[in-house]
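Subject: Structure handover

Hello,

I am passing this structure on to you. Please have a look at it below; my notes on what was found follow.

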Amino acid sequence: MGKTKHTGPIKLSQKPDPKLWVSKIPFGLGKVKPHHIIDTMKVAWDNRDNLPYAYRILTQGVCDGCALGVSGLYDQTLQGPHLCTTRLNVLRLNTMSAIPERILLQDIDELRKLDSTALRKLGRIPYPLIREKGERSFRRLSWDEAMNKIVAKIQEIDPKQLAFYMTARGITNESYYVGSKVARFLGTNNIDNASRICHSPSKTALKRSLGIGCSSCSYKDWIGTDVLVFWGSVAANNQPVSTKYMYAAKRKGTKIIVINPYHEPAMDHYWVPSIPESALFGTKIADDFYKVNIGGDIALMNGIMKVWFEMERMLPGSALDHDFIQQHTHGLEQLIPHMEQCEWPLIEKSSGLSEARIRELAELLAGAKSAVFIWSMGLTQHRFGTDNISQVANLAMLRGFIGREFCGVMPIRGHSGVQGSGEMGADPFSMPGGDFKSDDINRVEKVWNFPIPDWQGDIVGVTLENAMLPAEHERKLKLFYTSGGNFIETMPEPDFVRQCLESIDLRVHQDIILNTSTLVDAAETVIVLPAMTRYEQPGGGTSTSTERMVYFSPEIQGPRIEEARAEWQIYCDLAARVFPERKAQIHFNNAQEIRDEIALAAPMYDGIQHLKQKGDVFQYGGAWLCEDGICPTKDGKGTLLPIELPERRKPEGHYYITTRRGKQFNSMIYSDKDPFNAANRFAVLMNADDAKGNQIKDGESVVVHNGVGIFYGHAQFVNIRRGNIELYWPEANVLMPKGVYEPFAGIPEYNTTVAIEKAETYLAHKDIGYLEKRVEDLEVGME
């Protein structure tokens, strides 16, 4: 798409800059912070039985942690080695030995006593397993037996009763592609992936606003931009390697702005372990925090645009890039009157910020010659997530921050390779290289040489809910084939999700480890299949980073789980057994053949077929999408959209609630303590002034509740916007209502309203309510 190519990594200045130091005390001694040296030593100890293999994974493989794209120890942004704790924590998943048979085949209730952290530490799944209704333990079976049982069920049911799901766990583009193709080959469009649950509003909004479905810029654009805005993203926690880019940006004079309800310590200051100066004295990251209400981002952005239009009336050209708007956008004539109707009292109430504070930010951005806007699930996981992202696109287009150096919009990804999942067609709204629309379907059918079902597939949340439909319903979920994933710990209302999983006839868990969802009963049968990691995949594999870099990760020599198979090989075997007379249409001899076909089926991935050796990489679309302002839309222009304030009703005395991550990778928790604020997993992060109104003391036991569920925890006072609280995910999922989906992208809502009380008050009221009910029952009985 773009003509400018990425120019490769740049050199970081080695000269110290004391004005960025957090403290002159070496290594932040006495401060609440990550302890990278200690953590690294722990990782080395955990991998002591396979240290040479672990070293080869780190130095030869592409990171299977966050989606910043580190190949070996190097990336395309900065020269020098990069290594973060996220990658180190995940490392053990690749070097573990098999679970001992005496543990694996013991009574299921003994396994159920373990949480997912303990289950993960048991080791790798060694061979296919089965547990049928009424059986008290798993038992071993052969690959042939396992596959034939799955095939028999597929042949028995309607394709609409079959669904696939693919997680973010180090899965390669090759496996996503084959999974997508096999699902359609078997007649179903019910396929979904972890990326869509996190960032589908990003793709949907950017498509409608700019005609793109991914980051428009590269990480290099952070380093030298005037302003870097992190919106609902705690990159220092979730993508720790990014702190090195932030450090480099600060050295270039970039202002970093964080917009988040909570004044996140991780974004305030950080000790970057791979930079000696920062490792010793820390680095001040954010220049300013804007503590917006949970869900108040649209109001804030409306306020920014309102200020810009006021500035334009006073002095044309003082806020808007008129040349860019005139040549490369349409919709301004609808946006201006919409903003004139927005009143400051409502903007302030919804955003939680004063007019004066919003003006500060608006004027800063108006005076900037360049800016990069970065966001994550703080913007996407709302029932109005798509509108949130279109607002970000509005800001970028009004200032011309699109399609040139040091500018862009970036949905930062949390997992390695997930950018490629939808681009390989592994979700109900996608085809390889396009959308689930007639033109793209026809294009892919010519490559695949078989018809693709023409009905709309379901998102995974609806798929799970379909398990509760009557048995005769055409979309009653009867076979759920999931590659990784732990829905009990990732979806709202986990008790309901458990009921859904238990109602499915046959569940197939294709994975490298056990988790709590694997142990749930099924209506008929649970089958577990051992998968390979990306480093074991024959012929290597590729993954796509946040910035559209497609990296080749080679097969790495080392110990193997004897019966584990590459994920794409398992899918091909399954399809060939269901339709043996058509197996030639689905067969691949090796991973290279898959890459060859991806280049045909997804034209933007033309180049993937040439990735064959360690270090091979290319960036599709060039350094900047929409280069020179030209968008891949019918008229080449972006669309400015008037976005309405969402309805956000909060009952008197209630609070907005959202979730945050501690020391974890997705739902895999590595420590009970958050290294940035010393909170444990059951801390209720709240404002001290809010607590006073409820007579709650710091550290006191509290109950957070609503009509969905009850959470027992303890108060921890932090610097958070009044009226908002944060809990850790996935523990807080008991409070999140099921069945609430964003209308454009289908993402689940992970924000809601709750009441909070002292535990003793809540429990006393509960006891009184029980006693009153009991007396009433007795009186009725006496009559």
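**Salt bridges**

Arg 577 and Asp 573 form a salt bridge (a side-chain nitrogen of Lys or Arg within 4 Å of a carboxyl oxygen of Asp or Glu), with the closest N and O atoms 2.8 Å apart. Both residues sit in helix α25 (residues 567–578), and because they are four residues apart there, about one helical turn separates them. Helices (H or I, at least four residues) and strands (E, at least two) are DSSP runs, numbered from the N terminus. Arg 577 has a relative accessibility of 23% and counts as partly exposed; buried means under 20% relative accessible area, exposed over 50%, and partly exposed in between (1.4 Å probe, protein chains only).

Before the rest, two notes on the source. This is a predicted model, in which local features need pLDDT of at least 70 and side-chain atom pairs count only at pLDDT 80 or more, while totals for chains, interfaces and linings use all residues. Residues are numbered from 1 along each chain as its sequence is written, and side-chain values use heavy atoms, with hydrogens and water left out.

The search of the whole structure finds 48 salt bridges. Another one joins Arg 359 to Glu 355, with the closest N and O atoms 2.9 Å apart. These two are four residues apart in helix α18 (residues 355–367), so about one helical turn lies between them. Arg 359 is partly exposed, at 23% relative accessible area, and Glu 355 is partly exposed too, at 25%.

Arg 681 and Glu 731 also meet through their side chains in a salt bridge (2.9 Å, N to O). This pair links distant parts of the chain, 50 residues apart: Arg 681 is in the loop between β24 (668–669) and β25 (683–686), and Glu 731 is in the loop between β28 (724–728) and β29 (752–758). Both Arg 681 and Glu 731 are buried. There is also a network in which salt bridges with shared partners join Asp 107, Asp 109, Arg 112, Arg 131, Arg 136 and Asp 521.

An open sheet is formed by five strands in the order β9-β6-β5-β11-β12, with parallel pairing. Two strands pair if DSSP finds at least two bridges between them. At the edges are β9 (288–290) and β12 (408–411), each pairing on one side only. From one strand to the next, the twist averages 20°.

Within this sheet, β5 (residues 227–231) and β11 (residues 371–375) run parallel and are joined by five bridges. Opposite Val 229 stands Phe 373 in β11. Helix α18 packs on the sheet and touches β5, β6 (255–259), β9 and β11, and its direction makes about 125° with that of β9. Contact means heavy atoms within 4.5 Å. Axes are lines fitted to C-alpha atoms, for helices over the stretch in contact, and angles run from 0 to 180 degrees between N-to-C directions.

**Two packed helices**

Helices α8 (residues 173–185) and α26 (residues 591–601) pack at an angle of about 70°, and their axes are 10 Å apart. They are therefore roughly perpendicular to each other, a term for angles of 65 to 115 degrees. On the α8 side, the contact includes Tyr 177 and Val 178, and on the α26 side it includes Ile 594 and Ile 598.

**Strand β26**

Four of the five residues of β26 (residues 701–705) are buried, so this strand is largely enclosed by the rest of the structure. It pairs with β27 (residues 710–717) in the antiparallel sense over five bridges, and a hairpin of four residues joins β26 to β27. Val 702 stands opposite Gly 713 in β27. Four bridges also join β26 to β29, again antiparallel, with Val 704 opposite Ile 756 in β29.

In helix α3 (residues 85–95), 10 of the 11 residues are buried. The buried residues of α3 pack against α1 (36–46), α2 (51–60), α6 (116–121), α10 (235–238), β23 (664–665) and β24.

Gly 662 lies in the loop between β22 (655–660) and β23. With 3% relative accessibility, Gly 662 counts as buried. Apart from its neighbours within four places in sequence, Gly 662 is in contact with Asn 237, Asp 674, Arg 681 and Tyr 728.

Regards

Key: Parallel < 35°, antiparallel > 145°, perpendicular 65-115°, else oblique.
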